Amino acid sequence: MTHQEAAPEPTGTAAAVAEPPLLDVRDLRVEFRTRDGVAKAVNGVSYHVARGQTLAVLGESGSGKSVTAQAVMGILDSPPGFLTGGEIVFQGRDLLTLRREERRRIRGAKMAMIFQDALSSLNPVLSVGAQLGEMFQVHEGVSRKEARARAVELMERVKIPAARERVGDYPHQFSGGMRQRIMIAMALALGPDLIIADEPTTALDVTVQAQVMDLLAELQRELTMGLILITHDLGVVADVADTIAVMYAGRIVETAPVHQLYKAPAHPYTRGLLDSIPRLDQKGRQLYAIKGMPPNLTAVPPGCPFHPRCPLVRDVCRTDPPPLYEVGPGRTSACHFWKETLDGAR
Amino acid sequence: MAHDDAGAPSSGTPAPGTPAPGAGQPGTSAPGTPAADSPEPVLEVRDLVKHFPLTRGVLVKKQVGAVQAVDGVSFDLHRGETLGIVGESGCGKSTVAKLLVGLEHPTAGQIRYRGEDISTLSGRALKAVRRNIQMVFQDPYTSLNPRMTVGDIIGEPYEIHPEAAPKGERRRRVQELLEVVGLDPEYVNRYPHQFSGGQRQRIGIARGLALRPEIIVADEPVSALDVSVQSQVVNLLERLQDEFGLSYVFIAHDLSVVRHICDRVAVMYLGRLAELGTDEQIYEHPTHPYTQALLSAVPVPDPDARTHRDRILLAGDVPSPANPPSGCRFRTRCWKAQDRCAEISPPLEVPAEFRRTPGPVRHPSACHFAEERTVVPNG
Ligand SMILES: Nc1ncnc2c1ncn2[C@@H]1O[C@H](COP(=O)(O)OP(=O)(O)OP(=O)(O)O)[C@@H](O)[C@H]1O
Ligand SMILES: Nc1ncnc2c1ncn2[C@@H]1O[C@H](COP(=O)(O)OP(=O)(O)O)[C@@H](O)[C@H]1O
Ligand code: SF4
Ligand code: SF4
Ligand SMILES: [Mg+2]
Ligand SMILES: [Mg+2]
């Protein structure tokens with residue numbers, strides 16, 4: 001049961017060798033205890049991200065991306081969610097050993113989260129200026145006037161036009177794209193080292209998505225933060241990520257530097273996803289379709305969880321869960337037949 | 001209902017046509033009409049307008065304006081073809097869909113089915129036409145009544161059109177439909193919550209097929225689905241089209257899916273069509289700035305494309321359709337806008353400079369300063 005320990009340290013980038021990762025999640029496990037049974041929503045997830053680096057966590061809905069992020073942030077809905085194992089090492093300390101008070105201080109100040117639905121994460125009856133300013137008043141004890149000035153500064157930083165005039169406006173008075181910028185501003189307020197963005201542009205139109213992603217990438221570079229970008233969009237990932245972790249049924253099935261993953265995936269699920277997407281630059285005939293559906297997490301298939309849908313399935317896959325194989329520098333795959341997959345077998 | 005801008009098409013007149021050399025009777029062709037050998041249109045939409053009144057006051061309602069959700073849209077749909085309508089949220093796509101299937105009544109304009117204007121029909125005549133134009137809805141999670149069984153949902157159209165299937169035969173028909181869309185016929189007695197998103201979308205498609213329509217208007221049929229399931233549903237729609245000779249109006253905001261499934265594409269912005277053409281014309285030879293910006297904003301699933309892509313970042317947001325800009329509606333975000341753009345609304349027609357140019361740049365584009373710009377790297 002300790003195969004996740006096999007997850008290798010990245011050896012690909014010089015920076016990653018020189019300094020320990022900003023965040024190192026090891027063998028994380030979360031389950032939801034519900035009437036329908038125990039759902040292992042996160043089932044041994046390991047990933048890490050360094051300062052100045054963008055890790056994309058890619059997966060279909062229900063694969064456990066958000067729950068992993070909630071566990072890292074310490075905002076897991078509990079009950080019904082329970083953290084049943086693993087470590088979350090942030091700047092050298094295992095967060096799971098910290099006292100609640102300490103944990104809360106880290107949240108917001110050192111790591112911050114951006115959610116998909118900005119409207120429901122902002123307070124509808126408080127002006128955005130008040131909400132931004134409150135962060136400075138609470139965490140840094142600055143005066144109201146000072147807090148407001150800092151709020152304007154932040155709004156300018158995320159390129160809200162006429163920030164000074166709009167600082168007193170309420171969330172509903174802003175467009176979806178601008179609200180998401182305000183969410184980014186809130187996340188940045190206290191100068192965190194790590195940002196977790198959970199589907200930050202999924203609800204936005206493409207032209208607005210492009211603006212918001214550009215802003216996020218620019219700020220991340222400028223402030224050399226670590227960024228975990230959670231998404232199901234293979235296009236967005238290709239645009240901004242340094243490394244990718246692909247999730248399926250509560251597990252990471254493949255981790256790789258972005259260029260390598262698109263060029264030669266080492267897991268049949270990743271390959272299936274890449275083959276299924278229609279392309280803007282190609283007319284193409286019939287789309288490849290992964291057969292079947294993602295599993296119900298209260299009854300994940302034995303052996304390899306992907307085996308009922310996998311074109312390469314063999315007997316061993318039905319009984320033996322594949323360990324996380326190291327398949328190259330900074331690359332892992334949870335597939336018994338990663339080599340064949342890497343060589344192009346479909 | 002007067003338009004505040006000069007060039008807006010007035011209802012009743014023929015759509016600005018493509019002067020396709022030697023083809024088509026004058027005055028009846030729609031913009032973007034394909035070559036002369038394509039089959040006759042099953043649907044002709046002309047100067048379609050839908051304004052939703054904006055009212056103020058509780059007891060005495062006073063109209064204070066109108067949301068110009070659709071404001072002069074014209075296109076043809078040919079037999080067996082798939083016409084895509086793309087555009088950003090709120091541009092009027094769903095309103096067009098609802099007008100086409102009769103869920104909304106147009107403020108002005110015509111929708112001709114096999115030559116007959118269905119917006120003037122009523123009673124039995126209208127009902128007969130409606131049978132042939134069915135809709136598949138956007139959201140598989142909310143568009144199915146949770147208290148109805150799958151059998152009742154798929155068979156519901158037979159309640160409205162009892163002549164389509166005798167009572168005793170309906171259950172068998174429903175089971176057949178389930179099979180056609182790749183679901184187990186034994187599922188008839190289950191409820192929607194027992195199905196995944198992809199399965200629910202199949203149920204919606206089965207219902208759309210129940211009356212054996214000629215035309216299916218699909219409003220974002222795959223937008224709520226995950227990629228692995230989305231491709232299953234896209235393939236299903238394509239198979240059904242071949243099998244039943246269906247014509248589709250396929251509405252989506254995902255330009256990659258539209259390219260994959262559509263023969264022709266209409267790009268919509270703030271209630272009007274900006275550009276109309278074949279998939280090659282729109283994706284490889286766009287001439288309207290909005291189309292170019294829209295295409296360039298789509299993230300390409302290829303990390304190597306990061307460096308050599310032509311990205312156009314639009315400033316600002318889409319203006320409110322209750323108070324659209326005068327002239328060209330795109331002008332507040334357009335980097336090429338000139339004074340003329342604020343004064344004269346550019347009609348949707350082949351731009352003068354391309355009328356003599358053979359090849360794919362010659363297609364309707366509602367821009368005074370249309371020019372070709374290739375933004376999608378060739379794959
Ligand atoms: N019944 C209505 N009353 C008033 N305004 C309406 C009504 N239906 C739609 N609208 C408005 O008309 C405009 C077009 O709406 P529509 O639903 O057609 O957009 P859409 O292109 O389908 O957008 P999306 O991509 O978000 O589905 C929007 O501004 C919308 O708010
Ligand atoms: N509060 C909750 N109660 C019960 N189950 C939950 C809860 N939150 C998430 N889950 C379950 O955990 C699994 C993973 O969810 P999530 O991490 O949100 O997926 P995604 O990858 O789409 O972000 C899903 O099966 C989901 O239904
Ligand atoms: S372990 Fe077997 S079933 Fe799982 S992905 Fe690899 S080949 Fe497919
Ligand atoms: S008509 Fe003017 S504002 Fe409109 S798209 Fe063309 S250049 Fe831009
Ligand atoms: Mg999620
Ligand atoms: Mg819509």
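Buried area is the accessible area (1.4 Å probe) that two parts lose on being put together, summed over both. I looked this up before turning to the interface.

**Ground rules.** I am working with a predicted model, where local features need pLDDT of at least 70, side-chain atom pairs count only at pLDDT 80 or more, and totals for chains, interfaces and linings use all residues. Residues are numbered from 1 along each chain as its sequence is written, chains are lettered from A and ligands numbered from 1 in the order written, and side-chain values use heavy atoms, without hydrogens or water.

**Interface area.** I find that chains B and A bury about 3900 Å² between them, 55% of it on carbon and sulfur atoms. On the chain B side, H260(B), P301(B) and R306(B) lose the most area to chain A, together 17% of what that side buries.

**Contacts.** I looked up contact (heavy atoms within 4.5 Å). Chain B gives 46 residues and chain A gives 44.

**Salt bridges.** I took these as a side-chain nitrogen of Lys or Arg within 4 Å of a carboxyl oxygen of Asp or Glu. The two chains share 2 of them. In one, D239(A) pairs with R311(B), with the closest N and O atoms 3.8 Å apart.

**Elements.** I noted that helices are DSSP runs (H or I, at least four residues), numbered from the N terminus. α6 (227-244), α7 (255-261), α8 (279-284) and α9 (289-297) of chain B each give two or more residues to the side touching chain A. α6(B) gives the most, with 8 residues.

**Helix α5(B).** I checked its cover: 13 of its 13 residues are buried (under 20% relative accessible area, 1.4 Å probe, protein chains only).

Terms used. Buried < 20%, exposed > 50% of the residue type's maximum accessible area, 1.4 Å probe, protein only.
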